[in-house]
Amino acid sequence: MHSPGSQPPPRDGPSPSSTLPKRKSPTSADNINPRDHVLLPNPNHKRPRLSSPSDPDPSRMSKAMGKRPEIIDLTRPQTAFQPHKGAKKLEIKNLRTASRLQELEKYYNKTKQELQEGVQVIFEQKQLRLPLERLYRGVEDLCRHGDSKELYETLREKCDAYLKDHLARSIEVEAGLSSIDALRSVYKHWVIWNTQSTIIRSVFSYLDRSYLLRNRDLPQLNDMIISLFRKIVFVQAQPPGAKALAGICDLVDYARRGDSRFDPTLLRNSISMIHILNLYAKSFEPRFLKVSKAYFQEFAEEQSSASLKSYISSCEQLLAQEGYRCNAYNFDSTTKIQLMTSAHASLVENYSDKLLDDSSIAKLLDENAGESLKALYDLLRSSGIQKRLRQPWEDYIKKAGSLIVNDTSRGDEMVVRLVQFRRSLDLMIRDAFNKDDEFTYTMRQAFGSFINDQKVLSSWNTGTSIVGEMIAKFIDLLLRGGLKTLPKEMLSDVQDRVNAEQSGQASTGDEDAELDRQLNQALELFRFIEGKDVFEAFYKQHLAKRLLMGRSASADAERSMLAKLKNECGSSFTHNLEQMFKDQQMARDEMASYKAWCEGNGHGNSDLDLTVTILSAAAWPSYQDFPLTLPDHIAAHFERFESYYINKHTGRRLVWKHSLGHCVVKARFNKGSKELLVSAFQAVVLTLFNQLDEKKGEFLTYQQIAENTGLSGPELDRTLQSLACGKTRVLTKHPKGRDVKSTDTFTVNTAFMDSKYRVKINQIQLKETKEENQGTHERVAQDRQFECQAAIVRIMKTRKTMTHANLVAEVINTTKSRGAIEPAEIKKNIEKLIEKDYLEREASSYTYLA
């Protein structure tokens, strides 16, 4: 075989520069080659030498010896041409007498016959009689002779006849009844035909390169061979190929249904076959897509009766299998795109109502089914309708959040549950919704809606934001107890720590960083509140207790939270809170000055170590005053400090808040001495028992304690209960019981013992009653009215004249950061200002007077 680049492009017809072939006998007419010379010399005749051997040519000798001669004789002729001797005679023997044209014609006819016989032997799958090179040379000679078109037509007719008379019939015989058998038969004979055509193309390659390559009207051999097979097997009336195409679709159907008759090798090879036959796009793909669409519709209808979680799982599995099958079995990429589009249309778009059902999605969210929701989001996104999931998402958040806020029986757990709820939603956005910002925005909108919904808050009968109160309590819980007060599911997971480190923040594996993250989560809820004044009132109360009782878990966390609030709401919001921290520092400085004064005036050696914290009445919450009769020696210390302070700060007045006081009392029991950490009320009660003689069995009655301490009612009951009925009982109540009655008597529990030297006796704290909470909310509501009136005056002073609607809208916009005020309340405040001659009504507008 000749390589296309090994010689100049051959021409169709005889060539004058053909190479002489080796011949067995010059007299044999059957072996005449058209490329031989016309005159053939006698093989036994030797050409005479040009010069005598006794007289060698030095230059020729030097060439033969590989070197130049040392002496050159210029007198001798250097060539064989000797004109003075005349022309030499050439004797030709065995001169051919037959006609040259007849011999050539005979040779060409024989070559054609040999090629036809060779093609027939190839079709019969037998051993060729002649070598392939001989057949190839025959094709080349015929092409050079100008018989290319005839040779091509003969070959095409032979192939066509073979396909019609033998191969097609053999396919039909072996096709059987099923489409799969027909497919196997077609593919089997395609392999046979492909093997035969490979040999034919190698034999006739010169025809392909010399004639068909430059002929635009005729296809090349490979295209002709493929087109003939396609026409005979797949295109003609009732061809077996149509059944084979159906067999490919059936194989795919077997794979989809898990049928054991599925043959993956046959499917892969069949797809490759129809690709080569150029039947894929026109004949197979439309049929396959039609069958697939019907299957998708049937599948969706069968699965639609199942739960949403099961339906999503089935759809996800089906789509994954379809995508894998397209890649593994050589389907076109365009087929995969159309197939997936059809599948999404049948499974997702046609059943979008089921996929977006509010109750079903709410059930998945309640179950925290992240994988199912991720699969649902991917299904909807692939169909371009993932945004429609936002509405069920928002409805679920509003409904679930409203249930948490309205649960009056678990009010103390409200914020913990809201933070947990928010945490679960954040994880859902991160893991299931691919961190989609639209779902984050929808979540924030939903939180702001149910937190500030007046209908939701009506169950608490507060009139102001109950969530603000609960957030203040949650932050107080964090700042007092740290992370140990939180459930484990609220803490950061591994992914949160990785994200924090990648964003350059402190790792949440650090306790301080995790506490800061929890405070930020509470602050996220705080941002949703419109009535921030409620939060401010309750946060101030809790902060005061933490500062005065020394209950803060971390001073850094306290100041960090204050900085967050200042950054969020401005300096006006945190002015009083900052003043509280300043009062603490000023009180420490004041006590250092007082102790120096005492030492300078001879009072340094006192048995009582007094510490007083001076608070600014405007910055700190107001506390109820309780009458308390102090022991004489303690009262003397109080009077001394008050005298010192008033002399130092002229015009100031001190009001003692004994309910906030605490002290350390030394006590002696039979088992040894102890130091008791108690409140001021507990300390005053305990000092009364110093006057009793235990040996004589003396005791104090409830009435005696009340008269000597000045305490009464619930405060006295709580104090006695903490000393005689609590976990640490330094007093004994008679008769025994958990409740204190006015008929009870008390003695010292001399048998008291504890492993610790310093024992803390907790005062039984009364939880804030509904009346107290309601009073706080009422004070906040009253402050809002004053803020509303002040806002109206400021607005009217600037605008001078405004309509009622514009004024109401402006007031709402101005006061919404502190707390939402209803239009009806704004109207009442406008009427009050009109009565006070701040405003004047003119028709439907108002005018500022002065």
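Predicted model: local features only at pLDDT ≥ 70, side-chain atom pairs only at ≥ 80, totals over all residues.
1. Lysine 828 is exposed, with a relative accessible area of 51% (exposed is over 50%, buried under 20%, and partly exposed in between, with a 1.4 Å probe and protein chains only). Its side chain meets that of glutamate 825 in a salt bridge at 4.0 Å, N to O (a side-chain nitrogen of Lys or Arg within 4 Å of a carboxyl oxygen of Asp or Glu). Glutamate 825 counts as partly exposed, at 27%.

2. Residues are numbered from 1 along each chain as its sequence is written, and side-chain values use heavy atoms, without hydrogens and water.

3. Do look at lysine 648 and glutamate 590, whose side chains form a salt bridge (3.2 Å, N to O). Lysine 648 lies in helix α26 and glutamate 590 in helix α25, so the pair ties together parts 58 residues apart in sequence. Lysine 648 is partly exposed at 42%, and glutamate 590 is buried at 11%.

4. Lysine 733 and aspartate 744 make another salt bridge, with the closest N and O atoms 3.4 Å apart. Here lysine 733 is buried at 5%, and aspartate 744 is buried at 3%.

5. Finally, Arg422, Asp426, Glu524, Arg527 and Glu568 are linked in a salt-bridge network; the whole structure has 46 salt bridges.

Terms used. Helix = DSSP H or I, 4+ residues; strand = E, 2+ residues; numbered from the N terminus.
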